[in-house]
Amino acid sequence: MSEDIETYEQEAPNLSHRRILILMAAVIVLGTALGFLYRTPRFGIGFLIGGILAGVNYYWLKQALSGIFEKAIRDGERPKFLIGGYLLRYVFVVVTLVIVYLTHVVEFAAVLAGLVSLAVAVTIEGIIRLFLIAFNKKEI
């Protein structure tokens, strides 16, 4: 029984992470399609650009934090937090947003909406987890 709990605790974060990425991709595809259908192609492409930007930002953060924690676990000492590399993500996002805003190639609001795709995916994941807990089910 305790082996089942340990296996579940080890696998749950991977399942959740994978599901968040799948949900994020679904939100981006759905938002892009709805943007093309109900707004303009510029809106759909803008949503896609925002979604891709959110994905790049997410992976960049994940890699940076994984590196910090792996080094701390491996070396057993407090890692040196390099603020420059961490803040470079924000500089990249801001520069991209400024370029989109100044060039008017796509709708700026659509890019911002696409950036929210990760938050929407995390919210959906939270709702899924609440239902799993409420109905006492294992991961789906």
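Analyst: What follows starts with the salt bridges and then turns to rings, a contact and a surface patch.

This is a predicted model. Side chains of opposite charge can pair when their charged atoms come close. By the rule used here, the count comes to three salt bridges.

Start with Arg19 and Glu125. Their side chains meet in a salt bridge, at 2.5 Å from N to O. The pair links distant parts of the chain. Arg19 sits in helix α1, while Glu125 sits in helix α5, which covers residues 117–134. The two are 106 residues apart. Both Arg19 and Glu125 are buried.

Glu125 has another partner. The side chain of Arg129 also forms a salt bridge with Glu125, at 3.1 Å from N to O. Here both residues lie in helix α5. They are four residues apart, about one turn of the helix. Arg129 is partly exposed, because its value of 26% falls between the limits of 20% and 50%. Salt bridges that share partners join Arg19, Glu125 and Arg129 into one network.

Now take Arg39 and Glu107. Their side chains meet in a salt bridge at 3.1 Å, N to O. This pair, too, links distant parts of the chain, 68 residues apart. Arg39 is in the loop between α1 and α2. Glu107 is in the loop between α3 (83–103) and α4 (108–115). Is each end buried or exposed? Arg39 counts as exposed because its relative accessibility, 51%, is over 50%. Glu107 is buried, since 17% is under 20%.

Next, the rings. The structure holds four aromatic pairs. One of them is Tyr58 with Tyr59, an edge-to-face pair. Their centres are 5.8 Å apart, with 65 degrees between the planes. Tyr58 is buried, at a relative accessible area of 18%. Tyr59 counts as partly exposed, at 42%.

Another pair is Tyr101 with Phe108. The ring centres lie 5.2 Å apart and the planes stand at 70 degrees, so this pair is edge-to-face. Tyr101 is partly exposed at 46% relative accessibility. Phe108 is partly exposed as well, at 28%.

A charge also meets a ring. Arg89 lies over the face of Tyr90, at 4.5 Å from the ring centre. Arg89 has a contact with Asn57 too.

Asn57 belongs to helix α2, residues 41–75. Leaving out residues up to four places away in sequence, Asn57 touches Arg89 and Val93. Asn57 and Val93 are 36 residues apart along the chain, yet their C-alpha atoms are separated by 7.6 Å. Asn57 is partly exposed, with a relative accessible area of 21%.

Last, the surface. Leu30, Leu34, Leu37 and Tyr38 form a nonpolar patch there. Together they have about 490 Å² of accessible area. Leu34 lies in helix α1, residues 2–38. It is partly exposed, at 39%. Patch residues need over 30% relative accessible area, so Leu34 passes that cut-off.

Key: Residues are numbered from 1 along each chain as its sequence is written. This is a predicted model: local features need pLDDT of at least 70, side-chain atom pairs count only at pLDDT 80 or more; totals for chains, interfaces and linings use all residues. Side-chain values use heavy atoms; hydrogens and water are left out. Patches are made of residues with over 30% relative accessible area and no salt bridge: like charges are joined within 9 Å, nonpolar side chains (Val, Leu, Ile, Met, Phe, Trp, Tyr) within 5 Å. Accessible areas come from the Shrake-Rupley method with a 1.4 Å probe; for residues, only the protein chains shown count as cover. A salt bridge is a side-chain nitrogen of Lys or Arg within 4 Å of a carboxyl oxygen of Asp or Glu. Buried means under 20% relative accessible area, exposed over 50%, partly exposed in between (1.4 Å probe, protein chains only). Contact means heavy atoms within 4.5 Å. Rings of Phe, Tyr and Trp (its six-membered ring) pair if their centres lie within 6.5 Å; planes under 30 degrees apart count as stacked, over 60 as edge-to-face and the rest as tilted. A charge sits over a ring if NZ of Lys or CZ of Arg is within 6 Å of the ring centre and within 35 degrees of the ring normal.
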